[in-house]
Amino acid sequence: MKLYDLFYGGVILEQSTEYKRSVMENYKKDVEPLFRYMSWLEDKKGEKVSSSYSDNGLNQHSMAFPVYDSTLINFVKEVQKGKLINRNYMYIYSRYRIGDVEDELKTIQGVSFKNVEILTAILSKYICGGMTKSWVWPQAVEDGIFLAILLKFKELFEMWI
């Protein structure tokens, strides 16, 4: 049985305004704390927010390691605190045929109440990917992915809450 097959007071549940509000309220408690990073994300879009530490002859004896902007680290930790991470994000990527950054940004713009899980899938790809690949978090900031997700959430909240 699919979610939209459920009825609520004679109205298809997915069409119920109360249902839409309750779904968006569930996202809001995890997303709202992230809004404080929006101005920083706007300022840093297109810029580098990490570097490689290689001082004191480190390159001669060892590999360089990434040094992230502290605000980026705080943003990632804040996302990880909530329930926004979907470890099965690759299924949503497959279902919506999302391939590259351009597809991600275009898909984010088209998100509505019915497919809001796309936002958490894209966010999850970058947050989870950054745990093992040092370039992923900074790339999401530089490409404006994190900012686009937050702006879309803000738009949806204004519409439904």
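Tutor: The answer below begins with the chain as a whole and then turns to the aromatic rings.

This is a predicted model, in which local features need pLDDT of at least 70 and side-chain atom pairs count only at pLDDT 80 or more, while totals for chains, interfaces and linings use all residues. Residues are numbered from 1 along each chain as its sequence is written, and side-chain values use heavy atoms, with hydrogens and water left out.

The chain has nine helices and four strands; helices (H or I, at least four residues) and strands (E, at least two) are DSSP runs, numbered from the N terminus. Along the sequence, their order is β-β-α-α-β-α-β-α-α-α-α-α-α. Of the 161 residues, 40% count as buried. Here buried means under 20% relative accessible area, exposed over 50%, and partly exposed in between, with a 1.4 Å probe and protein chains only. Contact means heavy atoms within 4.5 Å. Among contacts between residues at least 6 apart in sequence, 68% join residues at least 24 apart.

We now come to the rings. A pair of aromatic rings is described by the distance of the centres and the angle of the planes. Rings of Phe, Tyr and Trp (its six-membered ring) pair if their centres lie within 6.5 Å; planes under 30 degrees apart count as stacked, over 60 as edge-to-face and the rest as tilted. A search of the whole structure finds nine aromatic pairs. One of them joins Phe35 and Phe157, with 6.0 Å from centre to centre and 65° between the planes, an edge-to-face arrangement. This pair links distant parts of the chain, 122 residues apart: Phe35 is in the loop between helix H1 (17–31) and helix H2 (38–44), whereas Phe157 belongs to helix H9 (residues 145–160). Both Phe35 and Phe157 are buried.

Phe113 and Trp160 have ring centres 5.9 Å apart and planes at 55°, so this pair is tilted. Because Phe113 lies in the loop between H6 and H7 and Trp160 in helix H9, the pair ties together parts that are 47 residues apart in sequence. Phe113 and Trp160 are also buried.

Finally, Phe35 and Phe157 belong to one aromatic cluster together with Tyr27 and Phe153.
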